[in-house]
Each structure stands twice: as structure tokens, then as C-alpha cells.
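We will go from stop to stop, and each stop says what to select.

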Amino acid sequence: MSVKTRREARLAGLSVTRQRSVRAGRQEWPVGAIRWRMLKAPALADVYAARPRVARVVRPTPLIRHPLLSRETGLDILVKHENHNPTGAFKVRGGVNLIGSLTAEERRGVVTATTGNHGQSIALACAREGVPCTIVTPLDNNPEKNAAMRAYGAELIEFGRDFDEARERVEQLQHERGLRYVHSADEPLLIAGVGTYALEIFEEQPDTDLILVAIGGGSGACGCSIVRTGLGSRAKVIGVQAERADAFARSWKGPSRVVGERCDTLAEGMATRVTFDLPFGILRKELDDVVTLSEDELAEGVRLALRTTHNLAEGAGAASLITAVKLRDRLAGKKVVCVMSGGNIDRGTLTRILTAA
Ligand SMILES: Cc1ncc(COP(=O)(O)O)c(C=O)c1O
């Protein structure tokens with residue numbers, strides 16, 4: 001298919017992202033030149049293709065019914081423990097799939113921006129594959145996530161007041177150093193990789209009625225809904241965002257995509273002020289609803305996870321659980337899966353949350 005412009009790409013049903021590059025294939029582009037990178041939404045077949053690559057690093061995670069959680073909520077809830085993965089988050093599935101699929105040229109080095117779990121995923125995968133890895137995190141990022149990325153051998157650069165400013169620095173580094181920019185969301189291979197957690201859910205519990213999943217860039221919700229639709233399940237997929245980082249929720253509900261003013265939430269896994277072409281395009285069609293949570297609700301989620309499942313969940317990781325409580329009436333009588341997407345909370349945040357109780 002020959003597609004030359006953004007408009008043609010959209011008409012062809014492709015997602016498009018703008019990428020500046022000094023190297024495009026064998027051709028040198030002037031710094032600042034713009035090329036369009038065509039992104040095709042992954043399908044169920046891509047998730048199946050990802051599975052053997054992901055399985056080299058990730059074992060199927062437990063899907064557990066916790067009696068205390070059922071009693072406290074009065075709901076039939078299963079928790080998908082993505083916090084039990086290597087790196088402590090579901091993101092590792094995407095990183096392993098993408099880095100395991102790089103071309104020889106791309107293996108010279110990658111660069112990415114992160115608040116931590118995406119970065120840990122890329123850092124772990126690069127360490128396994130011997131690919132040099134540069135990561136930009138916002139200043140004041142979760143210090144324990146930063147330490148973990150360094151421990152995997154990544155070069156860490158701290159820049160910008162939030163994830164979106166860190167991302168801009170990555171775009172510069174990409175030109176300066178000629179690195180492969182691994183976007184945190186506009187990457188079909190990341191989405192296909194993380195979709196493997198949803199395969200595990202539906203294979204174990206095909207009669208699932210509803211899945212609650214936290215949304216930052218949207219890769220986790222995309223993977224889940226692509227698998228749901230591909231398998232012909234009637235389960236609903238409901239996304240969760242923080243009120244203080246709700247660009248996706250407002251964009252999905254509203255007439256047009258918005259850029260948020262802030263993303264200062266304790267749940268840094270969901271902290272972005274923007275939406276991204278590929279996941280937004282997928283979720284506009286696939287997602288069934290999106291709910292937002294206050295900071296108090298997010299903190300209560302962490303406490304709820306600890307009290308009823310004895311798991312350490314970070315804000316984004318516990319968001320699905322507290323959303324189940326919030327939607328209790330709507331979820332009554334349904335088989336609900338809450339994705340505990342990550343457990344990498346730092347001690348300072350955890351102490352604040354526990355002492356505020
Ligand atoms: C623990 C956790 N949950 C949820 C998310 C949101 O994932 P996504 O950006 O795929 O929507 C992230 C993102 O890093 C995360 O780390």
C-alpha cells in the first residue's frame with residue numbers, strides 16, 4: 001500500500017505518528033526532517049505471535065480470588081497479579097516482545113522515556129539481548145524505579161517536570177545519538193506483548209464478564225480489548241484513570257482529544273497529559289467505559305490491596321480494585337477481573353498512604 005500523507009494513512013485505517021529522524025533505513029535525513037511512521041493496530045494473531053517471545057522471560061501470572069476482597073466488596077472478583085512479573089509490572093511483556101524483535105540496525109541502541117515500569121521493561125529486555133539502553137525519567141521520579149532501571153544496566157537521564165517533558169528530551173537524543181526511539185504507547189509490538197496477560201485471563205476464565213484496567217498511554221487496555229474482541233468474548237473492558245491525569249478519559253468521552261494541564265498523581269504509572277495515536281485509535285472503538293479516581297480513592301486502593309490481598313500494589317496497580325468498589329452496584333452478579341498492573345510503589349509514597357489511613 002502506498003501512503004504518503006497523514007490524511008491518506010488515516011483513510012487507510014492506519015495510525016500515524018510523527019517521528020523526526022537522522023536515519024531512516026539507509027537514507028540520511030536532515031535533523032528536524034519529519035517522516036510519518038505508519039502504525040498498524042495489532043490483532044489477536046500478533047498477540048499469539050508475541051507469546052513465545054514473552055514466555056522466555058514471563059511465566060503466566062496468577063489469577064486469584066481473595067476471600068477478604070470478595071467479602072469486603074460483596075463482588076465476585078479475580079485479581080490478575082501482573083505485579084508478580086519480573087520488574088513487578090505487566091509492561092515487561094511488551095518490552096520483551098519489542099526488544100526481541102529489533103532489527104540488527106536498531107540493536108545498536110534504544111532510547112525511551114518513562115516514569116518507571118515501561119523503562120524497567122525495556123531495560124530488562126535490553127540487558128538480556130545485549131542492546132544499549134538510554135532512559136529519560138522526569139526529575140523527582142520514583143527513586144526506587146530509577147534505581148531498578150540502573151540496576152538493569154540502563155543509562156538514566158533525569159529531565160523535565162513530568163513524563164511528557166521527558167519524552168521531548170528523548171526525541172532530541174534520538175537525533176543526536178541515532179538511537180531507536182521506543183515509544184511507550186505508539187508501538188504495535190508493545191501492545192501485542194502486553195496483550196498476552198489477557199490471553200491468560202480468557203484461557204483460564206472464558207466466562208469473564210468485565211475487566212478493569214488502569215490506563216496511562218493505553219497499551220494495557222488495548223492489549224486486553226484486542227484479545228477480548230479477537231476471541232469473540234462479550235466481556236466489557238473498563239479503563240481507569242486518575243482525576244489529576246485524565247487526558248485520556250476526557251478525550252475518550254469528549255468530542256475531541258485534549259492535552260491535560262497536569263498529571264501530578266500519586267499513581268505515576270498513569271501520569272500523562274496527552275493521548276497517543278495508536279492506543280487512542282484502538283480504544284476509541286474497543287473500550288467500553290472509562291472511570292476516573294481521586295487521589296484519596298487511589299490511596300485507598302493501595303490500602304485495600306494490602307488489607308484484602310496482602311499484595312503491595314502501586315497507585316496504578318491498585319486502581320482497578322478501588323474502581324470495583326466504586327462501581328459496586330453496576331458490577332453486582334458479574335465475574336470481574338481486576339488487573340493489578342504493578343507493585344513498584346516507593347517507600348515514601350507508601351508511608352504517606354499508610355499513615356494517612
Ligand atoms: C503499574 C502500571 N499500571 C498501569 C499503567 C498504564 O499502562 P498503559 O500506559 O499501558 O496504559 C502503567 C504504565 O506504565 C503502569 O506502570
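**Before you start**

This is a predicted model, in which local features need pLDDT of at least 70 and side-chain atom pairs count only at pLDDT 80 or more, while totals for chains, interfaces and linings use all residues. Residues are numbered from 1 along each chain as its sequence is written.

**Stop 1: the whole chain**

Show the chain as a cartoon. It has 16 helices and 14 strands. Both are DSSP runs numbered from the N terminus: helices are H or I with at least four residues, strands are E with at least two. Of the 357 residues, 52% are buried. Buried means that 20 or more other C-beta atoms lie within 10 Å of the residue's own; exposed means 12 or fewer, and partly exposed is in between, with C-beta atoms placed from the backbone. Now consider contacts, meaning pairs whose C-beta atoms, placed from the backbone, lie within 7 Å. Among contacts between residues at least 6 apart in sequence, 73% join residues at least 24 apart.

**Stop 2: the ligand**

Select the ligand and its surroundings. The shell holds 20 residues, and the closest are Asn117, Gly216, Gly269, Ser341 and Gly342. A residue counts as near if its C-beta atom, placed from the backbone, lies within 6 Å of the molecule. Colour three helices next: H5 (117–129), H10 (219–231) and H14 (315–326) are the elements that give two or more residues to this shell. H10 gives the most, with three residues.

Colour the shell by residue class. Seven residues are nonpolar, 11 are polar and two are charged. Here Ala, Val, Leu, Ile, Met, Phe, Trp, Tyr, Cys and Pro count as nonpolar, Asp, Glu, Lys and Arg as charged, and the others, Gly among them, as polar.

**Stop 3: helix H7**

Select residues 163–177. The end C-alpha atoms of H7 are 21 Å apart, which agrees with the 21 Å that its 15 residues should span at 1.5 Å a residue. The expected span is 1.5 Å times one less than the number of residues.

Which residues of H7 are buried? They are Phe163, Ala166, Arg167, Val170 and Gln174. Look down the axis of H7: the buried residues fall within an arc of 100 degrees, so they line one face of the helix. That arc is taken from the directions from the helix axis to the C-beta atoms. Strands E7 (110–113), E8 (133–137) and E10 (180–181) are among what covers these residues. Turn to the other side of H7 and find Glu168 and Glu176 exposed. Gly178 follows the helix, with a positive phi near 65 degrees.

**Stop 4: helix H12**

Select residues 277–286. H12 is mostly covered, with seven of its 10 residues buried. The buried ones are Asp277, Leu278, Pro279, Phe280, Gly281, Ile282 and Leu283.

**Stop 5: Arg93**

Select Arg93, in helix H4 (residues 92–99). Arg93 is buried, with 34 other C-beta atoms within 10 Å. Leaving out residues up to four places away in sequence, Arg93 touches Val54, Val58, Gly193, Val194, Thr196 and Tyr197.

**Stop 6: two positive phi angles**

Most residues other than glycine have a negative phi. Select Thr87, where phi is positive, near 75 degrees. Thr87 sits in the loop between strand E6 (76–81) and H4.

Now select His310, whose positive phi is about 55 degrees. His310 lies in the loop between helix H13 (295–309) and H14.

Which of these two is buried, and which is exposed? Thr87 counts as buried, with 31 C-beta neighbours inside 10 Å. His310 counts as exposed, with 9.

**Stop 7**

Select Glu204, in helix H9 (residues 196–204). Glu204 is partly exposed, with 14 other C-beta atoms within 10 Å. Its C-alpha atom is 8.2 Å from that of Leu63, 141 residues apart along the chain.

Finish at Leu327, in the loop between H14 and helix H15 (328–331). Leu327 is partly exposed, with 19 C-beta neighbours inside 10 Å. The C-alpha atoms of Leu327 and Val291 are separated by 9.2 Å, and the two are 36 residues apart along the chain.

Methods: Two residues are in contact if their C-beta atoms, placed from the backbone, lie within 7 Å.
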